[in-house]
Amino acid sequence: MMIWRSNALFLVLILGFSLTQIQSLRFEIESGHTKCISEEIKGHSMTVGKYHIINPNDGHPLPDTHKVTVRATSEHGNSYHYAENVHEGHFSFETVEAGDYQSCFVAADHKPPVKLTVDFEWKTGVATKDWTNVAKKASVEAMELELKHMAETVQAIHDEMFYLREREEEMHDLNISTNDKMAWMTGLSILVCLSVAGLQFWHLKTFFEKKKLI
């Protein structure tokens with residue numbers, strides 16, 4: 001019984017980590033260019049992003065050339081964050097609709113061109129919550145805090161499963177609609193080809209009859 005509970009707990013934790021999205025990356029961007037990071041996020045989910053430009057010269061102020069303009073948008077064009085000519089910043093918002101969200105970094109044009117290195121961390125779901133502050137505010141024990149974390153993870157798994165089921169139904173409906181359209185287009189193409197062939201045959205027959213070749 002204890003082994004089954006341990007395995008179930010391990011499975012919940014694995015699913016929780018896999019369904020909680022965390023992107024932490026470092027990338028380079030040349031002045032005058034744009035770099036966009038995309039993330040698929042379900043609706044009514046909290047998302048948090050933090051970014052800063054790495055100083056190429058430790059111990060010296062960050063050059064004025066090392067600034068970017070950052071914009072976070074949904075696939076429908078809704079803007080959730082905009083910062084112009086900054087070297088660091090953060091954003092946090094709750095998604096309204098499910099879909100692909102983008103964070104785009106635009107480096108200003110400079111002559112000669114320079115390369116900027118950006119550190120970017122993007123979290124969604126349970127990972128956005130600061131559990132240390134939760135423990136301090138609620139004055140809870142370590143075990144209780146872990147249970148709260150697990151409860152939120154289970155809820156996130158539950159929500160993600162429903163989200164995936166909805167996406168599966170949408171894809172199923174899309175496949176049916178696409179197949180129907182393809183069948184209609186195939187039939188129309190065959191009809192057009194037969195019509196063109198018939199017109200060509202009629203034209204050739206008329207031509208030969210006029211020339212008295214047949």
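**Salt bridges and an annotated span in a predicted model**

Let me begin with residues 182-202, a span that is 100% helix and 0% strand, with its end C-alpha atoms 30 Å apart.

Let me turn now to the salt bridges, of which the structure holds four, and I will take you through some of them.

In one of them, the side chains of Arg26 and Asp119 meet at 2.8 Å, N to O. This pair links distant parts of the chain, since Arg26 sits in strand E1, residues 22-30, while Asp119 sits in strand E8, residues 115-124, and the two are 93 residues apart.

Another salt bridge joins the side chains of Glu28 and Lys115, at 3.9 Å from N to O. Here too the pair links distant parts of the chain, with Glu28 in strand E1 and Lys115 in strand E8, 87 residues apart. Glu28 is exposed, at 52% relative accessibility, and Lys115 is exposed as well, at 54%.

What does Glu40 form with Arg167? Glu40 forms a salt bridge with Arg167, and the closest N and O atoms are 3.0 Å apart. Because Glu40 lies in strand E2, residues 34-41, and Arg167 in helix H3, residues 142-210, this pair ties together parts that are 127 residues apart in sequence. Glu40 counts as partly exposed, at 33% relative accessibility, and Arg167, at 29%, is likewise partly exposed.

Methods:
Residues are numbered from 1 along each chain as its sequence is written. This is a predicted model: local features need pLDDT of at least 70, side-chain atom pairs count only at pLDDT 80 or more; totals for chains, interfaces and linings use all residues. Side-chain values use heavy atoms; hydrogens and water are left out. Helices (H or I, at least four residues) and strands (E, at least two) are DSSP runs, numbered from the N terminus. Buried means under 20% relative accessible area, exposed over 50%, partly exposed in between (1.4 Å probe, protein chains only).
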